[in-house]
Amino acid sequence: MAEVTLTHVQKIYGGDVTAVQDANLTINDKEFVVLVGPSGCGKSTTLRMIAGLEDITAGEIHIDGTRINDVPPKDRDIAMVFQNYALYPHKNVYKNMSFGLEMRRFPKDEIDKRVREAADILGITDLLHRRPKALSGGQRQRVAVGRAIVRKPKVFLFDEPLSNLDAKLRVQMRAEISKLHRRLEATMVYVTHDQVEAMTMGDRIVVMLDGLIQQVAAPLELYRRPANTFVATFIGSPPMNLLQGALAFVDGALCFVTPEQGTCLKVSEEQGAVLADFAGKPVDLGIRPEDLSVASRSDTSNGGTLEADVEVVEPMGAETYVYLSVAGQALTARIHDQTPPIVGARLRLNANTPCFHFFDPDSGKAIR
Amino acid sequence: MERARKILIYGFLIGWLFAVALPMGWVLLNSLRSSQEFVQNPFGMPWLIGGIPADGLLEHDEIEEALRLSEVTPLDSIPHKKLAWLAEHFEEIDTDNNGALNAGTEFGDSPSTLDAKMIAIIEKAASRPLARSNAVENYRKAWVESHFSRFFFNSLWVTFWSLLGTLSLASMAAYVLARFEFRGSHVLFLFFVSGMMIPAQLLLTPVFFEFSWFSEVGTQLLQPFGLRFQLYDSHFGLIILYIALSLPFTILVLTGFFKSLPGALREAAILDGCNEYRVFWHVMLPLAKPGLITAGIFNFLGIWNEYIFALVFVNTPELKTLPLGLASVSIQAQYKTDFGLMFAGLVIVVVPTLLVYVLLQRRLTEGITMGALKG
């Protein structure tokens, strides 16, 4: 029904500041796509170009096969939810939601029907006659979403809609927006800087940095097979550990060796086949915190262990984050042991070798 | 310490209150009293009126009536001051008094008859209590006889259209200057605002010539349609002038206001299907209401009380505004000493501004701080 395609889209501000360079992306019908990245990465600009709030410097955007570069925003059949809600302070909730329909000259009873329907979906029927000032943050958020729903647009655009809410409400609204997506079966593009939101809500995630799309993939794919060090460290909390070192053959087996000797981690066989060419070359090793576990004293396992000094311990209840240092490099482990380690102790860690990620230290790209 | 500070602050505020409220109250009270009462005691109350006090002046028509009653020479031939003096020293007048004799000779009457007549007149006048002036009388005189009704509606008319013109033009200009960057937008803003740096008095002469030139050209252009285009001595010209004078300040205030409104609202409205004009009309203008009210009040006060330009550019009595009317009454008052009338006129001028202040003062302070903090 509504497919959004970006082809070689570029945005340059004032002739020299490049906000988005060469973005290529296809958002399928009924798909929930999340654009994620740190601030200034161009995700919002991309969204605003789809909305028509920013000119497109180069490239083309199509919605449903129609080129919309020169179509004014109001004729693009899109609706947007803003970060600060952008509710009209002088209109009550009903009027806020009906305004877009009124401007499009919908008949009165149709407007009424749609507003009440949307209010019902969002559970804000009781609030219809209140002004935005008299609403809580969560309620305002709902009204902002309601204003988008009543229009029944082809594409919904969300620009960091939850970042003004407190943590608890954010989790709740996150689930509600996901539910809404399934219910409305609409194409949604969602911008956030919060990787948790991205992981939990998106059908697919677009990771951006410095105006460039780094990787487009489903959440778990992104988590398991990050395309580069940026994606690897950006997705996941606590972030993936990156250890600098080199690959070398030790006793006939390909191993990852840290610069200051002492740590030698064996590479699994499947990966070894790909990595053989890199033997003797420097690489970055990526290990997820959960792929590290405390080795028992008797354990002299095959994969190899590393010794690290405990610096900070953060008990979370179900698990414990342990911040360590190994040969001068920082390392985080996520362990499930009942008794957390003591700060200052030296810990022996087992690494889950099949889950290693290797990156080219120069380009940052994953070696596969 | 805290206590001392409070006392200081409240003392200052109470002092200020008196400084402001006393003259106002004084004007209001005296507008309810006759000139005679005012002269007797400028700080008297309207309800404290008795007969003629020993040192009072006699009302003109009262003496006239007294004279008519006693069938003596017409009043015009008697110097007013002398009568007053006589009245003042009524108790002391003696038939043999030299002063009275001298006064009498001026009347060309025999002193004794004069004294007798004089005494009769003054007794008559003094026996009648000084008529308490009707509280409404001064206002009636001002409103009807001194044409304040006319001036009032002239002022209302001129102020209304000037405000409407100023606010609509300034809000549009300010919105664009606040929200859109274009080549020369800063220069344009400075140009508008620099209008505040020119003392208005300097404009009198050039505007006078501009008006006559424009009127000439305009009349020539409109001649085929049988219309006349007049800026000088017309409300239209005055309104144009007031709008021009009010624009710089108003644009400055409103630009600050529009800048303080979140820009996302414009984007939301655009996605809701508005074009720029509708964004302005449906979203931005309603939100700028506190700013519009602030600017409106300041301009109202300025235009309502404006004197110099009205004086120079309006000649026809029927077109005069309230400040001009008040001035003409006070000029007449030099000859007629009708203080009551003058005070009533003053109240008529002041009350609307006072009303505007009282009704909108909360909005006004709100508006000032909003502009100041976010603008």
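Two strands are taken to pair if DSSP finds at least two bridges between them. Helices (H or I, at least four residues) and strands (E, at least two) are DSSP runs, numbered from the N terminus. The model is predicted: local features need pLDDT of at least 70, side-chain atom pairs count only at pLDDT 80 or more, and totals for chains, interfaces and linings use all residues. Residues are numbered from 1 along each chain as its sequence is written, while chains are lettered from A and ligands numbered from 1 in the order in which they are written.

In chain A, strand β16 (residues 305-315) is joined to strand β17 (residues 320-326) by 6 bridges, and the two run antiparallel. Within this pairing, A:D309 lies opposite A:S325 of β17(A). The two strands make a hairpin with 4 residues between them, and A:G317 in the turn has a positive phi of about 105°. β16(A) also runs antiparallel to strand β19 (residues 346-351) of chain A, with 5 bridges between them. Here A:L306 has A:L349 in β19(A) as its bridge partner.

An open sheet of chain A consists of 6 strands in the order β6-β7-β8-β3-β9-β10, with mixed pairing. Its edge strands, each pairing on one side only, are β6 (78-81) and β10 (212-217) of chain A. From one strand to the next the twist averages 20°; axes are lines fitted to C-alpha atoms, for helices over the stretch in contact, and angles run from 0 to 180 degrees between N-to-C directions. A:I205 is placed opposite A:A217 in β10(A).

Between the chains, 16 residues of chain A are in contact with 14 residues of chain B (contact: C-beta atoms, placed from the backbone, within 7 Å). On the side of chain A that touches chain B, β6 and α2 (93-103) of chain A each supply at least two residues. The largest share of that side, 3 residues, comes from α2(A). By class, the side of chain A that touches chain B comprises 11 nonpolar, 3 polar and 2 charged residues. Ala, Val, Leu, Ile, Met, Phe, Trp, Tyr, Cys and Pro count as nonpolar, Asp, Glu, Lys and Arg as charged, and the others, Gly among them, as polar.

Chain B is assigned domain 1 (2-48), domain 2 (60-127) and domain 3 (139-374), with bounds from an automatic or database domain assignment. The C-alpha centres of domain 1 and domain 3 of chain B lie 32 Å apart. Their contact takes 8 residues from domain 1 of chain B and 8 residues from domain 3 of chain B. On the domain 1 side, α1 (2-30) and α2 (35-40) of chain B each supply at least two residues, and α1(B) gives the most, with 3 residues. That side divides into 3 nonpolar, 4 polar and 1 charged.

In helix α7 (residues 137-145) of chain B, the buried residues are B:N138, B:Y139 and B:A142. A residue is buried if 20 or more other C-beta atoms lie within 10 Å of its own, exposed if 12 or fewer, and partly exposed in between, with C-beta atoms placed from the backbone.

Conventions. Two residues are in contact if their C-beta atoms, placed from the backbone, lie within 7 Å.
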